[in-house]
Amino acid sequence: ARFAPPPPAPPATPKEQISLTLPLINSAANVAVLAFGEAKRDAVSRALECQALPGSMPVQLVRPTHGKVTYVLDASSAAGLSTAVWDDWKKWPRSEIPKDAK
């Protein structure tokens with residue numbers, strides 16, 4: 001008779017995960033969005049400065065009903081931002097990232 005091999009042993013330390021839904025996140029009093037490193041530069045710029053298609057940048061849907069969002073960035077991830085024009089409402093929302101941001 002042939003037998004199937006035993007399943008692989010589970011990892012010594014199981015991976016822990018938690019999933020939060022957008023309604024739960026938006027019900028929070030404070031939400032922190034963390035992004036570090038040059039690899040996150042384009043995503044940070046798109047998230048904060050560009051109008052995205054619905055669902056393409058889920059972080060843009062984070063809008064706490066009675067709270068605030070705080071972005072925690074390092075110099076590398078924030079390097080593509082055009083903060084000098086953030087006060088000019090006529091420039092928002094942008095639909096593309098400036099060529100010099102990359």
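In what order do the elements of the protein chain run from the N terminus on? They run α-β-α-β-α, giving 3 helices and 2 strands. Helices (H or I, at least four residues) and strands (E, at least two) are DSSP runs, numbered from the N terminus. The model is a predicted one, in which local features need pLDDT of at least 70 and side-chain atom pairs count only at pLDDT 80 or more, while totals for chains, interfaces and linings use all residues. Residues are numbered from 1 along each chain as its sequence is written, and side-chain values use heavy atoms, with hydrogens and water left out.

Two values describe the chain as a whole. Of its 102 residues, 21% count as buried; buried means under 20% relative accessible area, exposed over 50%, and partly exposed in between (1.4 Å probe, protein chains only). Contact means heavy atoms within 4.5 Å. Among the contacts with a separation of 6 or more, 78% are between residues 24 or more positions apart.

An α-helix has 3.6 residues a turn, so residues three or four places apart point the same way.

Ser-76 is found in α3 and is partly exposed, with a relative accessible area of 31%. Apart from residues up to four places away in sequence, Ser-76 touches Gly-37, Glu-38 and Arg-41. The C-alpha atoms of Ser-76 and Arg-41 are 6.7 Å apart, although 35 residues separate the two in sequence. Ala-78, also placed in α3, counts as partly exposed at 25% relative accessibility. Its C-alpha atom is separated by 6.9 Å from that of Val-44, 34 residues away along the chain.

Strand β2 contains Val-72, which counts as partly exposed at 32% relative accessibility. Leaving aside neighbours within four places in sequence, Val-72 is in contact with Val-33, Leu-34, Ala-35 and Phe-36.

Attention now turns to Asn-26 in helix α1 (residues 22–26). Asn-26 is buried, with a relative accessible area of 12%. Not counting residues up to four places away in sequence, Asn-26 touches Leu-61, Val-62, Arg-63, Pro-64 and Thr-65. A polar atom of the Asn-26 side chain lies 2.6 Å from the backbone nitrogen of Arg-63.

On a 1 Å grid over the protein atoms alone, a pocket is an open set of points where a 1.4 Å probe fits, with protein on both sides within 12 Å along at least five of seven lines, and lining residues have an atom within 4 Å of a point. The largest pocket holds about 310 Å³ of space. Helix α2 supplies the largest share of its lining, 3 residues. The lining divides into 12 nonpolar, 4 polar and 2 charged residues; Ala, Val, Leu, Ile, Met, Phe, Trp, Tyr, Cys and Pro count as nonpolar, Asp, Glu, Lys and Arg as charged, and the others, Gly among them, as polar.

Methods:
Grid points are joined across faces, edges and corners, and a volume is the space filled by probe spheres set on the points. A polar contact is a pair of N or O atoms within 3.5 Å; within protein, one must be able to donate a hydrogen and the other to accept it, and residues adjacent in sequence count only if both atoms are side-chain atoms.
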